[in-house]
Amino acid sequence: MDIDVRGKRVVVAGGSRGIGRSIALGFAAAGAHVSICARGAAALEATRAELAAFGGTAHAAPCDLSSEAAIAGYIPQAAAALGGIDVLVNNATGYGRADDEASWEASLSVDLLAIVRASREALPFIAAARDGTIINIASGSGLNPSVRTPAYGAAKAAVIHYTRTQAAALAAKGIRVNCVAPGSIEFPGGSWDRRKTDDPALYGSILASIPAKRLGRPEEVANVVLFLASPLASWVTAQIISVNGGQGLVR
């Protein structure tokens with residue numbers, strides 16, 4: 001049984017690196033048409049070129065996802081490039097790690113409000129699709145107390161709640177809404193890749209909390225997102241799916 005997303009028109013907000021990049025590449029490799037946005041021009045163009053190599057439409061545009069106006073400009077542009085939107089993946093994060101004003105502002109404006117705004121802008125296009133779906137990327141930090149990252153954890157908890165609210169509100173329109181909550185994911189240049197060197201004690205404690213004795217890979221998150229966007233998940237909505245290798249089960 002194949003995960004069939006061929007021909008789907010997919011927007012990945014925050015799609016130039018890490019988990020977002022893997023999600024975008026997964027869709028493109030499976031035959032979807034993909035638009036991505038992010039702030040960093042170099043990574044954005046590099047990922048767009050990778051997407052284009054699979055033969056489908058590959059669109060990319062810079063977008064500051066903390067800006068309501070920027071999102072309002074990007075989403076219609078993406079829809080025009082793709083010929084509509086079937087799938088919206090809200091992946092961006094403001095990396096608000098601390099408990100200061102800047103961290104709270106970054107987390108709320110990007111991790112939470114970008115989802116609200118992108119969903120609002122994309123909704124007319126998704127409603128016109130045959131099997132429209134929204135997939136929000138939260139975090140395991142939103143499911144449990146997050147002492148190291150209070151602003152980030154609180155914003156992700158709000159994303160989880162909002163996902164279920166979206167699902168309830170949009171079910172009558174035939175739109176499914178789900179959430180993926182990754183655990184600790186490692187990739188070159190990512191935060192856990194850096195902490196392996198910069199903070200080995202923290203890295204070691206996280207590693208010890210995962211039964212498989214390794215951190216996750218971005219493509220393992222992408223695989224779940226593709227499933228949720230496919231007809232195989234046609235009766236799945238309002239769900240929060242952890243992708244964490246059992247992280248936290250070992251103490």
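# A walk from the surface to the core

D99 sits in the loop that runs between β4 (87–90) and α4 (101–128). The model is a predicted one. D99 is exposed, because its relative accessible area is 56% and the cut-off for exposed is over 50%. Together with D100, E101 and E105, D99 forms a patch of negative charge on the surface.

Now follow the chain into helix α4, where L113 has its place. L113 has a relative accessible area of 32%, so L113 is partly exposed. Compare the position of L113 with that of A29. These two residues are 84 residues apart along the chain, and their C-alpha atoms are separated by 30 Å.

Next, turn to the inside. In soluble globular proteins, nonpolar side chains tend to be buried together. Here the largest nonpolar core has 32 residues. Which of them touch the most other members? They are I23, F27, V34, V89, V180 and V225. β1 (9–13), α1 (18–29), β2 (33–38), α2 (41–52), β4, β5 (133–137) and α8 (218–229) each supply at least two of its residues. Helix α8 gives the most, with seven residues.

Charged side chains come next. The count of salt bridges comes to eleven. Take D86 and R9 as one of these pairs. Their side chains meet in a salt bridge, with 2.8 Å from N to O. Where do the two partners lie? D86 is in the loop between α3 (68–82) and β4, while R9 is in strand β1. They are 77 residues apart, and the pair links distant parts of the chain. Both D86 and R9 are buried.

A second pair is E186 and K196. Their side chains also meet in a salt bridge, at 2.8 Å from N to O. E186 lies in the loop between β6 (176–182) and α6 (191–198), and K196 lies in helix α6, so the bridge ties together parts that are ten residues apart in sequence. K196 has a relative accessible area of 40%, so K196 is partly exposed.

E220 has a relative accessibility of 23%, so E220 counts as partly exposed. R214 is partly exposed too, with a relative accessible area of 34%. This pair belongs to a wider set. Salt bridges with shared partners join R214, R217, E219 and E220 into one network.

Last, look at the backbone. Most residues other than glycine have a negative phi. Two residues here call for a second look. K213 is not a glycine, yet its phi is positive, at about 60°. K213 lies in the loop between α7 (200–208) and α8. A238 is not a glycine either, and its phi is positive, at about 65°. Where is A238? A238 has its place in the loop between α8 and β7 (240–243). A238 counts as buried, because its relative accessibility is 16%.

How values were computed: Residues numbered from 1 in each chain as written. Predicted model: local features only at pLDDT ≥ 70, side-chain atom pairs only at ≥ 80, totals over all residues. Heavy atoms only, no water. Patch = residues over 30% accessible without salt bridge, like charges linked within 9 Å, V, L, I, M, F, W, Y side chains within 5 Å. Areas by Shrake-Rupley, 256 points an atom, 1.4 Å probe, with all protein chains shown as cover. Salt bridge = Lys/Arg side-chain N within 4 Å of Asp/Glu carboxyl O. Lys, Arg positive; Asp, Glu negative; His and termini not counted. Charge placed at Lys NZ, Arg CZ, Asp CG, Glu CD. Helix = DSSP H or I, 4+ residues; strand = E, 2+ residues; numbered from the N terminus. Buried < 20%, exposed > 50% of the residue type's maximum accessible area, 1.4 Å probe, protein only. Core = buried A, V, L, I, M, F, W, Y, C linked by side-chain atoms within 4.5 Å.
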